[in-house]
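Welcome! Let's get to know this chain together through a few questions and answers.

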Amino acid sequence: MPKTLGQMRKRLEEAMGRANDAEAIIPLMKEVIAQYDLLPGDLFDQAHPAPKLARQKHPTTPSTRPQVQAAYQDGNGNTWAGRGRRPTWLNEALERGHTLEDFKVSSKRLTRAK
């Protein structure tokens, strides 16, 4: 621990220098990672796993997941397929006294889930 104001200033200047170096290096690293399509495993030792990074999908890659039809819909265009966590708009409506049946989509007016 620094004891004097001079020591504290010196440590602060060193830290500021390292921060400035990082600000300059990080964009260069991102550019190289993107250029060579590197993954965390390519950069980091597997003994110390890096945090999982989301891979960006190629824009021309078609979705392999089938489209799911909306099972519930409100008058504002909000939809829910009935899978996963119930959306906020539906939870709020249920709290106001509505039922799931109030939002059930009839087979005649099915729309794609958003």
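Two residues are in contact when heavy atoms of theirs lie within 4.5 Å.

Q: Among contacts between residues at least 6 apart in sequence, what share joins residues at least 24 apart?
A: Here we take the contacts in the chain whose residues are at least 6 apart in sequence. Within that set, we ask for those joining residues at least 24 apart, and the share is 42%.

Q: Which pattern do the elements follow along the sequence?
A: The chain has four helices and two strands. Read along the sequence, they give the pattern α-α-β-β-α-α.

Q: Which element has the highest mean pLDDT?
A: Over the chain, pLDDT averages 79, and 75% of the residues score at least 70. Where pLDDT is low, the predicted coordinates should not be read in detail. Among the elements, helix 2 has the lowest mean, 75, while the highest, 93, belongs to helix 3.

Q: Which elements do the buried residues of helix 3 pack against?
A: Helix 3 spans residues 88-95, and its buried residues are Trp 89, Leu 90 and Ala 93. Their packing partners are strand 1 (72-73), strand 2 (79-80) and helix 4 (100-103).

Q: How many residues apart in sequence are the parts tied together by the pair of Trp 89 and Phe 103?
A: The structure holds two aromatic pairs. One of them joins Trp 89 and Phe 103 edge-to-face, with 5.7 Å centre to centre and 80 degrees between the planes. Since Trp 89 lies in helix 3 and Phe 103 in helix 4, the pair ties together parts whose separation in sequence is 14 residues.

Q: Is Phe 103 buried or exposed?
A: Buried means under 20% relative accessible area. Phe 103 has a relative accessible area of 9%, so Phe 103 is buried.

Q: Which residues does Leu 94 contact, leaving aside its neighbours within four places in sequence?
A: Leu 94 is in helix 3, where it is partly exposed at 23% relative accessible area. Leaving aside neighbours within four places in sequence, its contacts are Arg 86, Thr 99 and Leu 100.

Q: Where does Asp 37 lie?
A: Asp 37 is a residue other than glycine with a positive phi, near 50 degrees. Helix 1 covers 5-36 and helix 2 covers 40-43, which leaves Asp 37 in the loop between helix 1 and helix 2.

Methods
Residues are numbered from 1 along each chain as its sequence is written. This is a predicted model: local features need pLDDT of at least 70, side-chain atom pairs count only at pLDDT 80 or more; totals for chains, interfaces and linings use all residues. Side-chain values use heavy atoms; hydrogens and water are left out. Buried means under 20% relative accessible area, exposed over 50%, partly exposed in between (1.4 Å probe, protein chains only). Rings of Phe, Tyr and Trp (its six-membered ring) pair if their centres lie within 6.5 Å; planes under 30 degrees apart count as stacked, over 60 as edge-to-face and the rest as tilted. pLDDT is the predictor's confidence in each residue, from 0 to 100.
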